[in-house]
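Dear colleague,

Please find the structure below, handed over for your use. The findings follow directly after it, grouped by topic.

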Amino acid sequence: MSNILIINAHHYYPFAEGKLNGSLVQMADELLTADGHQTRIVEVDKGWDVDQELENHQWADIILLQTPVNWMGVPWSFKKYMDEVYTAGMGGALCNGDGRTEEAPKANYGNGGTLQGKKYLLSLTFNAPEEAFNNPDEYLFRGGSVDDLLFPMHMNFRFFGMEALNTFACYDVMKNPQVEQDFERFKAHLQAQIPGERSTS
């Protein structure tokens, strides 16, 4: 079974208290441990220790990032986490610099990751409806997908040599929430993407 680091990247606002993201983190923890995996949970809003987070990333076989999408990206507090933890990891804990060498300074940018063989899964909550994506007639995203929007996050993990599992998303969570259906979809998604004892026995 796998070691799984679950990161709750939600940042509290009075209009967005984080109940859905917290519930998804709790559900993931319960489902994954019941399936025989080992889990650790980090709540970004509670702060972090850089050395411990580097150790968490090295310990984990899979990183599950649970985050709302705020202004087309992750919350600022998680960006601060990345700036501190990921920068500290560039000496070898997460990557060896940016992958380039003095002998070939123009080649292999981003190829210095040291977490090869590890995987990550993005689990996202959106105010946007699902219909806003993958439709060239929609004004904002112009046919782009959720993964197109989160391309920078995918590149951050790829920078460390990690491979993506399929992204999960809850849509329209503020104006038209479908919480029970989202929970059922999330459960099925985790079981498909991160098989455990029940699905392999």
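A nonpolar core is taken here as a set of buried Ala, Val, Leu, Ile, Met, Phe, Trp, Tyr and Cys residues that are joined through side-chain atoms within 4.5 Å. Please note that the model is a predicted one.

The cores

By that definition, the largest nonpolar core comprises 39 residues. Phe78, Tyr81, Tyr86, Phe126, Phe133, Met153 and Phe157 are the residues with the most contacts inside this core. Two or more core residues are given by each of the following elements: strands E1 (3–8), E3 (62–68) and E4 (119–125), together with helices H2 (50–59), H3 (76–88), H4 (146–149) and H5 (151–159). Helix H3 supplies the largest share, namely five residues. Leaving aside residues up to four places away in sequence, Tyr81 touches Ile7, Val42, Val44, Trp48, Glu53, His57 and Tyr86. There is also a second, separate core of 19 residues, which includes Ile4, Leu32, Leu64 and Ile194. In soluble globular proteins, nonpolar side chains tend to be buried together.

Helix H2 against helix H3

The axes of H2 and H3 come within 9 Å of each other and cross at roughly 70°. H2 is therefore roughly perpendicular to H3, and their crossing is right-handed. On the H2 side the contact is made by Val50, Glu53, Leu54 and His57, and on the H3 side by Tyr81, Glu84, Val85, Tyr86 and Ala88. Sorted by class, the residues of this contact are six nonpolar, one polar and two charged. Glu53 and His57, which take part in this contact, are also listed among the residues that Tyr81 touches.

Helix H1 against helix H6

Helix H1 (residues 19–34) packs against helix H6 (residues 179–193) at an angle of about 40°, and the two axes are 11 Å apart. The two helices, H1 and H6, are therefore oblique to each other. The crossing of H1 and H6 is right-handed. From H1, the residues Leu20, Ser23, Leu24, Met27, Ala28 and Leu31 meet Phe183, Phe186, Lys187 and Leu190 of H6. The residues of this contact divide into eight nonpolar, one polar and one charged. As background to the spacing of such residues, an α-helix has 3.6 residues a turn, so residues three or four places apart point the same way.

Which residues of H5 are buried? They are Met153, His154, Phe157 and Phe159. Gly161 follows H5 and has a positive phi, near 90°.

Is Asn134 buried or exposed? Asn134 has a relative accessible area of 55%; exposed means over 50%, so Asn134 counts as exposed.

With kind regards

Key
Residues are numbered from 1 along each chain as its sequence is written. This is a predicted model: local features need pLDDT of at least 70, side-chain atom pairs count only at pLDDT 80 or more; totals for chains, interfaces and linings use all residues. Side-chain values use heavy atoms; hydrogens and water are left out. Buried means under 20% relative accessible area, exposed over 50%, partly exposed in between (1.4 Å probe, protein chains only). Helices (H or I, at least four residues) and strands (E, at least two) are DSSP runs, numbered from the N terminus. Contact means heavy atoms within 4.5 Å. Axes are lines fitted to C-alpha atoms, for helices over the stretch in contact, and angles run from 0 to 180 degrees between N-to-C directions. Angles under 35 degrees count as roughly parallel, over 145 as roughly antiparallel, 65 to 115 as roughly perpendicular and the rest as oblique. A crossing is left-handed if the near helix is turned anticlockwise from the far one by less than a right angle, and right-handed if clockwise. Ala, Val, Leu, Ile, Met, Phe, Trp, Tyr, Cys and Pro count as nonpolar, Asp, Glu, Lys and Arg as charged, and the others, Gly among them, as polar.
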